[in-house]
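Please look over the sequence and the three-dimensional model shown here before reading the report.

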Amino acid sequence: MAINRQPVMKRSRSLGIEAAFTGSSKKSKKKPPMTRKKISEYGQQMKEKQKAKFCYGVQEKQFKAYYNRASKVRVGTTGENLLMLLEMRLDNVVYRMGLARTRMEARQLVSHKLITVNGRKVNIPSYHTRVGDIIEVTPTRKDSVRFKDILASTDGRRVESWLDIDTNNLKGSILAQPTRDQIDTPVNETFIVELYSK
């Protein structure tokens with residue numbers, strides 16, 4: 001499995017987005033590099049794709065598979081369907097519910113079998129969740145110091161309206177599929193569609 005080991009802050013600066021969109025609380029005093037060179041249309045399309053991959057922690061092969069899947073959905077636009085599929089990843093849902101501080105931490109929690117879906121342990125971060133699924137921390141870990149620290153850190157974070165979360169019991173459910181206006185990821189998906197359509 002390919003792993004991107006580039007520092008989060010360096011990557012976010014180069015892409016011109018805040019690290020907060022990945023869940024990171026780090027802040028940099030450095031400014032994004034100033035460039036006077038005009039970015040080509042292809043360059044802009046590539047940048048938008050890199051931003052989406054960076055925010056969701058997805059590598060190229062997997063991202064292309066998501067795009068191919070989104071292009072086959074008959075309802076909605078390909079770009080919106082792509083973002084919706086990325087949002088419905090288990091690691092992203094765990095992050096959105098506030099059960100992890102970052103998407104990277106959410107990925108680790110899932111990989112270590114600390115999260116259940118409908119009562120079954122799932123250790124695949126890219127697992128595609130569905131409306132009605134119940135996401136919960138495994139009962140043996142609910143009283144752990146780690147999750148108490150996580151809840152203290154994520155307290156006050158806005159929970160999306162398409163999710164329902166019970167912080168006392170460390171569980172939540174998916175009420176509906178997210179719509180484009182409910183996804184705050186700073187990506188222009190039309191550029192991604194144009195890039196893959198060539």
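The report below goes from the overall architecture to individual helices, cores and residues.

## Basis and overall architecture

This is a predicted model, in which local features need pLDDT of at least 70 and side-chain atom pairs count only at pLDDT 80 or more, while totals for chains, interfaces and linings use all residues. Residues are numbered from 1 along each chain as its sequence is written, and side-chain values use heavy atoms, with hydrogens and water left out.

The protein chain holds 8 helices and 5 strands, where helices (H or I, at least four residues) and strands (E, at least two) are DSSP runs numbered from the N terminus. Read from the N terminus, the order of elements is α-α-α-α-α-α-β-β-β-α-β-β-α. Of the 198 residues in the protein chain, 42% are buried, a term that stands for under 20% relative accessible area, with exposed meaning over 50% and partly exposed in between (1.4 Å probe, protein chains only). Among contacts (heavy atoms within 4.5 Å) between residues at least 6 apart in sequence, 61% join residues at least 24 apart.

Phe63, Tyr66, Tyr67 and Ala70 are buried in H3. Seen down the axis of H3, these buried residues fall within an arc of 100°, so they line one face of the helix, the arc being that of the directions from the helix axis to the C-beta atoms. The elements that cover them include helix H2 (41-56), helix H4 (78-87) and helix H8 (189-196).

A search of the whole structure finds 2 aromatic pairs; rings of Phe, Tyr and Trp (its six-membered ring) pair if their centres lie within 6.5 Å, and planes under 30 degrees apart count as stacked, over 60 as edge-to-face and the rest as tilted. The rings of Phe63 and Tyr196 have centres 6.3 Å apart and planes at 35°, so this pair is tilted. It links distant parts of the chain, since Phe63 belongs to helix H3 and Tyr196 to helix H8, 133 residues apart. Both Phe63 and Tyr196 are buried, and ring pairs link Phe63, Tyr67 and Tyr196 into a cluster.

## Nonpolar cores

A nonpolar core is a set of buried Ala, Val, Leu, Ile, Met, Phe, Trp, Tyr and Cys residues joined through side-chain atoms within 4.5 Å. The largest has 23 residues, of which Leu90, Val93, Val94, Leu109, Ile115, Ile135 and Phe147 touch the most other members. At least two residues of this core are supplied by each of helix H5 (90-96), helix H6 (103-111), strand S1 (115-117), strand S3 (134-137) and H7, and the largest share, 4 residues, comes from H5.

Leaving aside neighbours within four places in sequence, Leu90 is in contact with Val110, Ile115, Val117, Val122, Ile124, Pro125, Tyr127, Thr129 and Ile135. A second, separate core of 17 residues includes Tyr56, Tyr66, Tyr67 and Val193.

## Helix H6 and its surroundings

In H6 the buried residues are Arg103, Glu105, Ala106, Leu109 and Val110. Their directions, seen down the axis of H6, fall within an arc of 155°, so they line one face of the helix. Among the elements covering them are H2, H4, H5, S1 and H7.

Glu105 is buried, with a relative accessible area of 11%, and beyond its neighbours within four places in sequence Glu105 is in contact with Ala100, Arg146 and Ile150. Thr154, in helix H7 (residues 145-154), counts as buried at 9% relative accessibility. A polar atom of the Thr154 side chain lies 2.9 Å from the backbone oxygen of Gly98.

## Residues with positive phi

Most residues other than glycine have a negative phi. Asn118, in the loop between S1 and strand S2 (120-121), has a positive phi near 55° and is partly exposed, with a relative accessible area of 43%. Leu170, in the loop between strand S4 (163-166) and strand S5 (171-174), has a positive phi of about 50° and is buried, with a relative accessible area of 3%.

Definitions and conventions: A polar contact is a pair of N or O atoms within 3.5 Å; within protein, one must be able to donate a hydrogen and the other to accept it, and residues adjacent in sequence count only if both atoms are side-chain atoms.
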